[in-house]
Amino acid sequence: MSESMKIVFDESLHTGNRAVDVQHKFLVDIINDLAEALETGQAAGQVKKTLNLLKYYAEWHFEREELCMDRFHCPAAEVNKSAHRYFIETFERFQGEYRESGGSEDIARRMYTELTAWLVGHIKKIDTQLGDCVHA
Ligand SMILES: [Fe+2]
């Protein structure tokens with residue numbers, strides 16, 4: 001995995017809500033830690049720890065972002081909630097596979113690639129709609 005697979009937190013990921021942006025930045029930091037762990041072939045224990053942190057933080061953040069969309073009566077609020085459920089379900093499915101495999105690096109990489117692409121696409125397509133509601 002090359003350095004370029006890390007996510008750059010640039011303007012394309014800004015939502016227009018500062019609290020949400022700070023949380024997204026932290027999510028990206030955790031994702032990049034995971035990329036680093038995979039890239040440098042760190043012990044499975046480190047990968048597992050980062051995955052646990054990612055799930056824990058993603059769930060915490062989703063809840064806050066959903067409340068924020070509700071508060072601003074954002075039209076994307078419901079779509080956002082089901083997208084978050086999809087992410088957590090997919091994450092848990094991967095995590096189960098990962099556990100059963102006894103910490104397969106291959107599964108961890110697949111998980112990284114799929115979930116990262118999903119998350120970046122989600123922020124750009126759905127979370128950025130938050131800005132219009134905040135400034136409406
Ligand atoms: Fe979202």
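The donors of the iron ion are spaced E-x14-N-x3-H-x37-H-x4-D along the chain. In this predicted model, they are Glu-65 (OE), Asn-80 (OD1), His-84 (NE2), His-122 (NE2) and Asp-127 (OD). A nonpolar core of 28 residues and six aromatic pairs are the other topics here.

**Iron site**

- The five named residues coordinate the iron ion at 2.0 to 2.4 Å.
- Asn-80 belongs to helix H3 (residues 77-100) and Asp-127 to helix H4 (residues 105-127), so this pair ties together parts 47 residues apart in sequence.
- Both Asn-80 and Asp-127 are buried.

**Nonpolar cores**

- The largest nonpolar core counts 28 residues. Leu-34, Val-47, Leu-51, Leu-54, Phe-87 and Phe-91 have the most contacts inside it.
- Helix H1 (18-39), helix H2 (44-71), H3 and H4 each contribute at least two residues to this core.
- H1 gives the largest share, eight residues.
- Leu-34 touches Val-47, Thr-50, Leu-51, Leu-54 and Tyr-112, leaving aside residues up to four places away in sequence.
- Another core lies apart from the largest one and has ten residues, among them Val-20, Cys-68, Ala-77 and Ile-126.

**Aromatic pairs**

- The structure contains six aromatic pairs.
- Tyr-86 and Trp-118 have ring centres 6.1 Å apart and planes at 35°, so this pair is tilted.
- Tyr-86 sits in helix H3 and Trp-118 in helix H4, so the pair ties together parts 32 residues apart in sequence.
- Tyr-86 has 44% relative accessibility and counts as partly exposed, because that class runs between the cut-offs of 20% and 50%.
- Phe-87 and Trp-118 have ring centres 5.1 Å apart and planes at 40°, so this pair is tilted too.
- Phe-87 is buried, because its relative accessible area is 2% and the cut-off is under 20%.
- Phe-62, Tyr-86, Phe-87, Phe-91 and Trp-118 make up one aromatic cluster.
- Phe-87 and Phe-91 belong to this cluster and are also among the residues with the most contacts inside the largest core.

**Charge over a ring**

- Arg-93 places its charged end over the ring of Phe-94. The distance to the ring centre is 5.7 Å.

Note on methods. Residues numbered from 1 in each chain as written. Predicted model: local features only at pLDDT ≥ 70, side-chain atom pairs only at ≥ 80, totals over all residues. Heavy atoms only, no water. Donors = N, O, S within 2.8 Å, 3.2 Å for Na, K, Ca; no water. Helix = DSSP H or I, 4+ residues; strand = E, 2+ residues; numbered from the N terminus. Buried < 20%, exposed > 50% of the residue type's maximum accessible area, 1.4 Å probe, protein only. Core = buried A, V, L, I, M, F, W, Y, C linked by side-chain atoms within 4.5 Å. Contact = heavy atoms within 4.5 Å. Phe/Tyr/Trp six-rings, centres within 6.5 Å; stacked < 30°, edge-to-face > 60°. Lys NZ or Arg CZ within 6 Å of the ring centre and 35° of its normal.
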